[in-house]
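This briefing covers a few features of the structure shown below.

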Amino acid sequence: MEIAYVAVIILFCLGIYTIITKKNLIKIVFGVTIVESSLILLLMLVGYKPDGTAPILDKEYEIVVDPIPQALALTTVVIGGSVTAVMLVMVIKIHRRYRTLNIDEIRKLRG
Amino acid sequence: MEAAVWVIILPLLTAFFLGISKLYFKRIFFYLVTGSAIIYLYILIIVITHSYPPKVYSIGDWGLLGINVMVDPFSGLFLLMIAILFLPFIIFSMKYNKFLKHDYFIFAYLMVAGISGMVLTTDLFNLYVFMEVSTLSSCALSLYKKTDRGIEGTFKYLIMSTLGSFFILLATILTYYLTGTLNMAEIPLAFEDIPFKIKSTMMTLFVFGYAIKIGLIPLHAWLPDAYEDSPIPYNVLSSGLVLKSAVYALIRVLYIMFGIDFLDESGMLTIGVFWGVITFLIAHCLAFQQSNLNRLLAYSSIAQIAYIMIGLFVGTEAGLIAGSFHILNHAIMKGTLFLVVGIFSYSLNAVEKKDIKGLGYKFPILSFTFVVASLAIVGLPPFNGFMSKWLIVEAALEAGFVYAAFFILVGTFLSLTYYLKVIVTLYTKNEEELLIEEPSLSLKLPTFFLGSLCIVFGMVPSLPLNLITKIPTFLLDNGDYIRILLGG
Amino acid sequence: MITPGFLYLTGALLLFLPLHERIKYIISFLITTGALIVTFYLIPGYSLQLDFLNYTLVPFKVDSISKLTGLIFAVAGLAAVSYSVNICSLPNLRLIFVFIGSALTVVFSGDLFTLYIFWELMTISSSFLIIMASDFTKKTGYYYFLMHVAGSLSLLWGIFLQYSATGSLSLNAMEAGIPFVLIAIAVKLAFVGFHTWMPLTYSKAPFYVAVVLSIYTTKVGVYVMARLASGINILAYAGLISALFGIVMALRQNQVRKLLSYSIITQVGYMIIGISIGTFEGTSGAMFHLVNHILYKTVLFMAVGVVIYTTGKDEFDNLGIMRKKLPLTSIATLVAIMGISGVPFFNGYMSKTIIKDALHEPLLKLGLDLMSFGTSLMFLKLIYYAFIKNSSMNLVKKPTISMQLGMGLLTVMMLLIGIHPYLLENLTNIHVDINYFDKKHMISGIKPFLWSIAIFILFNKYVVKNYERLLYFDIYRKMGKLFVTTGYVLSNYHDGKLNKYLLWATTTLITLLLLLMF
Amino acid sequence: MSRLNEVFKKLYKIGLVVTFAYFLLFLFYDIHNLDNNRKRYLSAHYISEGVQETGAINLVASVLYDYRAFDTLGEATMILTAATVLAFLVPISKATTFGTTFKSIVKQTVKLILPYLAVLGTYLILFGHVSPGGGFVGGVVLSIIAILLTITYSVEFSEYIVKPDQKKLVEDIGAIGFVLLGLLGVFTGSNFLANGQAYFGTGNAGEVFSAGLIPFINVMIGLKVGAGLAIIFNSLIKEK
């Protein structure tokens with residue numbers, strides 16, 4: 001179990017690293033998505049109980065995992081998806097205007 | 001307190017109906033937008049007048065099991081700001097945007113819904129959701145012109161702001177992990193026996209996340225970029241409400257969840273004040289360099305919010321009152337400035353400092369409004385900015401932050417340097433022939449309204465202070481807030 | 001109760017009414033005379049209280065000193081407004097009203113909060129007066145505004161220190177934060193080192209603006225100094241240094257109004273000395289000198305204004321027009337110069353005598369003589385150009401009647417005070433026990449003047465010479481450059497690279513974590 | 001020299017991230033080692049009482065659409081915002097064909113699959129409260145219909161079948177419906193988004209027509225998400 005938390009940390013930091021180092025816009029958006037996935041994974045882990053079943057109570061059950069983080073995860077997925085979609089369309093727009101995806105060349109705003 | 005939830009629903013419903021009206025009923029568009037804004041104003045006034053003592057509204061009637069909405073004086077202040085800014089914004093934008101209005105108003109209503117949700121909700125995750133709503137719609141507004149710069153700036157805004165959101169979300173999840181609840185009243189009770197180190201790390205994550213959205217230096221870089229080529233009425237709401245709502249969330253989280261004692265113990269108050277001082281000193285230096293008026297005002301916003309941070313972070317009653325008062329005042333003053341610049345850019349497409357040369361003689365009353373607002377924002381009497389700055393300095397001195405108080409005065413001087421430059425440019429005679437589109441009354445009226453508020457709140461500060469003085473009761477001592485929310 | 005300050009402010013508001021251009025004459029007349037009458041009938045000891053936020057403010061409080069100052073301010077206001085009402089535009093007239101009104105309110109204010117607000121309002125209105133007045137004064141106005149706001153912020157800081165130390169805002173001598181208050185006052189009254197705004201402003205601004213400014217700006221500084229920081233003996237020497245500096249600089253100027261500005265510095269030196277002695281005699285001497293100084297300096301500025309109005313420039317050579325074409329102005333100028341030089345039977349003599357009498361240290365007494373001598377010397381230069389040197393100037397246009405009215409009013413008052421010095425004492429119930437017209441005082445009054453005539457005749461060619469190289473060094477501009485450079489460097493860091501911004505953010509995060517954890 | 005600078009910069013960035021990872025590790029370790037019988041009374045309550053209180057067997061659905069329905073309102077707004085932004089950024093007129101052409105086998109298979117997808121989506125939506133699924137999942141499945149059409153045929157065809165305006169309308173109706181359903185609670189004298197409290201008949205848990213408003217909210221969300229995702233996808237495709 002503990003190893004999964006380490007996975008969260010690794011994913012999170014990897015995502016942050018991608019965001020702050022990569023020059024390609026698409027890769028930056030990838031980084032955003034990675035961080036987001038790590039957070040969803042964390043949510044799942046928070047709700048996890050050993051040997052728990054899914055929170056659908058139509059049959060016999062003993063241990064049920066926490067339903068709240070699952071609901072939150074759904075919300076997070078949707079929010080993340082919307083934000084990513086907007087980011088992607090902006091990447092497309094930027095590529096159209098600037099003819100490049102290199103973040104270092106996209107700097108008309110200075111000062 | 002039925003009306004409280006309407007504060008959130010009404011703009012949402014309006015936005016949804018606007019989506020349909022865009023496709024099928026183009027004619028009712030105008031009536032829908034303005035009518036809804038007026039009804040919204042009415043609802044807001046009802047809610048604000050009932051904000052003391054605080055009221056709780058349980059959504060779905062679930063009590064502590066579900067999500068609650070609470071109106072207390074601090075959220076009442078933000079609703080007051082919405083009430084002051086939103087209708088002028090609607091009237092102004094109606095004329096300012098020459099075409100493609102539907103989407104603009106959809107985003108505007110969504111943004112206001114997000115902000116009012118942020119200030120009303122008492123649920124940590126709900127706060128995150130509404131924050132994202134307001135951020136995304138704010139991004140949508142900021143790229144509304146679809147220019148190169150607009151899209152570039154918005155992209156930077158979105159990336160930085162998403163980065164901040166992640167840290168907030170991480171901290172929110174961890175809070176749930178630690179306490180098993182997301183209700184802001186129950187968290188502090190469960191937080192009491194959590195070790196110091198965990199709490200301070202969590203606090204760091206919250207502070208960092210919100211600081212990006214607030215735009216403290218060096219997390220500020222997206223802000224001027226996002227402002228530079230966006231529709232100017234949006235800048236009014238952005239600097240007035242979007243940034244402030246992040247301040248609201250930060251203060252709410254810190255003061256309610258962690259409590260003033262913990263803030264003091266962990267040194268967050270000292271860091272907050274110091275950070276504020278650094279921020280406004282640098283922001284003033286940077287603002288002096290700008291030639292674009294939007295960027296100049298953006299940097300000035302950063303500096304002003306740093307003053308607010310100082311006020312809110314000195315951790316005394318006087319400080320909270322002063323900071324909250326400055327929140328209100330800054331919204332009004334910056335709103336006025338942006339609206340005047342908006343009229344200039346509408347009439348003759350002037351957004352650079354050199355473009356407005358000589359306009360002081362062409363638009364005497366508008367320029368006078370600009371002068372009033374900029375003197376107010378600098379903090380010269382007898383305008384409202386002076387009153388709140390006086391209170392902030394006094395609070396800082398009382399709490400022992402002498403250096404902060406001193407540097408606020410230095411900052412006042414520095415801010416005068418660049419505002420005065422703009423004013424002098426405004427009143428320098430220009431021989432060139434200018435093509436001027438005469439601004440109509442619906443552009444001028446909101447501007448004059450906000451401008452006159454600058455003077456009124458400066459002369460009669462007790463008017464808003466009646467509400468504001470009640471704020472510390474429910475922030476400084478989180479016990480009261482918790483008791484009310486738990487159903488006491 | 002109507003206070004004279006608010007009367008002026010109401011006047012400014014009235015001028016906003018969209019009425020006919022003519023209305024400004026009526027309003028100006030009513031307001032200025034009304035203010036004068038109201039001030040005249042004020043009863044010392046009256047005060048007005050007002051609750052504002054958590055403070056109890058005293059926006060209006062009368063005692064003998066403030067009544068004296070207020071009276072002369074009102075008189076000068078009447079004269080200055082009637083002098084300039086013809087020439088200046090409506091917006092400028094509004095600003096002048098605000099300026100005079102706030103100066104009067106400062107004088108009658110009974111607490112530090114009101115004092116600060118109207119002190120700042122004076123700065124704002126006068127700066128905009130300069131900025132709006134003409135095309136050449138934009139930069140001057142910028143400089144003036146910044147300098148004065150720096151001063152008033154310093155005052156504000158002093159007030160804060162005082163408030164946090166004593167917990168009251170009442171207008172007593174300061175206990176904490178004196179250095180900051182002194183800086184504020186120094187800027188206002190153009191103390192040496194803080195004086196750079198003055199020659200710049202008064203020589204560049206249109207003449208009627210210069211007249212109005214010269215009446216109130218420095219004098220309010222003097223008044224506030226008497227209120228807040230009187231009796232600091234060491235400052236007497238500072239005043240002396242300032243005055244001597246003013247003399248040296250004044251003698252080196254080519255422009256009349258610059259000479260007059262530096263002469264203000266010298267005259268303010270008298271007042272500083274008087275206030276710093278701290279005795280009743282000294283303070284009242286300083287206040288009387290303030291009255292007299294307003295009278296003659298205003299007349300001088302007005303006279304120069306007439307010269308500028310009629311010939312277009314304020315070079316020394318233009319003064320020559322006075323003797324031939326402007327008889328009334330000539331008389332007024334002569335009276336004023338006699339007054340400023342402290343010749344007996346003219347008004348300056350009275351206050352100078354009181355101050356000299358109050359002094360006990362020989363060094364200061366000597367200094368005072370030196371100051372009188374220098375003052376006379378620099379005004380002999382003026383007399384030389386105006387009445388002795390031949391000139392071939394021609395009148396472009398005639399001075400208006402209202403201008404001459406304003407000037408005449410003040411000249412008459414000067415003569416009255418000069419001949420009957422007890423007039424002022426009786427008016428305000430401040431009685432200094434001095435017999436002005438005994439031999440000892442008269443001789444010591446006339447001596448520096450005679451000396452200066454002698455020196456002037458001997459070293460004529462040095463004094464009246466036109467200086468090519470003017471000394472000019474301004475430390476404030478250097479500081480400004482530093483600020484701009486810092487901003488430029490910082491601004492260059494924002495080069496639009498998103499990676500960089502994100503890196504800043506991450507660094508901040510780690511810093512915060514480190515700070516909060518350890 | 002500049003090379004050295006580059007290396008330093010890289011090391012610095014790595015250092016920052018590693019430091020942060022270290023902090024996170026520390027934090028997680030501390031939290032994990034905390035007394036581990038943390039009180040999750042909220043979720044315990046949901047698990048023990050949730051079925052009775054809301055009438056939905058699927059507890060996630062009962063949390064999403066009843067206990068925390070306000071969150072769902074927020075996220076529905078998010079999708080709407082995103083869809084509106086995309087539709088706003090990409091002009092309608094600029095529809096272009098997708099580059100690849102497919103063999104007819106692909107087209108026939110897609111034709112075959114589509115009805116099943118529609119049924120599956122509808123099933124997921126309608127039975128969201130009694131079985132795994134729900135409005136979001138169902139909505140995504142429904143949107144796949146539009147997406148498949150776009151990919152295999154073309155944007156024009158997909159938009160000929162379902163007009164963009166219609167999609168937008170459906171999305172708005174979904175959002176408005178959600179809010180109106182919530183307002184039903186207000187009209188019956190209870191609070192906004194009330195369900196069981198407003199006597200909407202939670203019914204027998206496990207049946208299709210149970211759980212009061214939850215199935216209807218599921219339908220609304222399904223419509224919204226389906227239409228919203230279709231709009232988002234089509235907009236992204238259209239922009240070359």
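Chain C is divided into domain 1, residues 230-473, and domain 2, residues 477-517. The model is a predicted one. The C-alpha centres of domain 1 of chain C and domain 2 of chain C are 54 Å apart.

**Helix pair in chain C**

- Helix α2 (residues 23-40) of chain C and helix α3 (residues 64-84) of chain C have axes that come within 9 Å and cross at roughly 165°.
- Angles over 145 degrees count as roughly antiparallel, and α2(C) and α3(C) are therefore roughly antiparallel to each other.
- The crossing of α2(C) and α3(C) is left-handed.
- On α2(C), the residues making the contact include Ser28(C), Thr32(C), Leu36(C) and Phe40(C); on α3(C), they include Gly70(C), Leu71(C), Ala74(C) and Val81(C).
- The contact of α2(C) with α3(C) has 8 nonpolar residues, 6 polar and no charged.

**Chain D against chain B**

- In this interface, 41 residues of chain D are in contact with 41 residues of chain B.
- On the side of chain D that touches chain B, two or more residues come from each of α1 (2-33), α2 (41-54), α3 (59-67), α4 (69-89) and α8 (164-187) of chain D.
- The most comes from α4(D), which gives 12 residues to that side.
- The side of chain D that touches chain B divides into 20 nonpolar, 10 polar and 11 charged residues.

**Annotated region of chain B**

- An unreviewed UniProt entry places the feature "domain: NADH:quinone oxidoreductase/Mrp antiporter transmembrane" at residues 122-415 of chain B.
- Residues 122-415 of chain B are 82% helix and 0% strand, with the end C-alpha atoms 37 Å apart.

Technical notes. Residues are numbered from 1 along each chain as its sequence is written. Chains are lettered from A and ligands numbered from 1 in the order in which they are written. This is a predicted model: local features need pLDDT of at least 70, side-chain atom pairs count only at pLDDT 80 or more; totals for chains, interfaces and linings use all residues. UniProt positions are given in the numbering used here, feature names are shortened, and annotations may be inferred rather than shown by experiment. Helices (H or I, at least four residues) and strands (E, at least two) are DSSP runs, numbered from the N terminus. Domain bounds come from an automatic or database domain assignment. Axes are lines fitted to C-alpha atoms, for helices over the stretch in contact, and angles run from 0 to 180 degrees between N-to-C directions. Angles under 35 degrees count as roughly parallel, over 145 as roughly antiparallel, 65 to 115 as roughly perpendicular and the rest as oblique. A crossing is left-handed if the near helix is turned anticlockwise from the far one by less than a right angle, and right-handed if clockwise. Two residues are in contact if their C-beta atoms, placed from the backbone, lie within 7 Å. Ala, Val, Leu, Ile, Met, Phe, Trp, Tyr, Cys and Pro count as nonpolar, Asp, Glu, Lys and Arg as charged, and the others, Gly among them, as polar.
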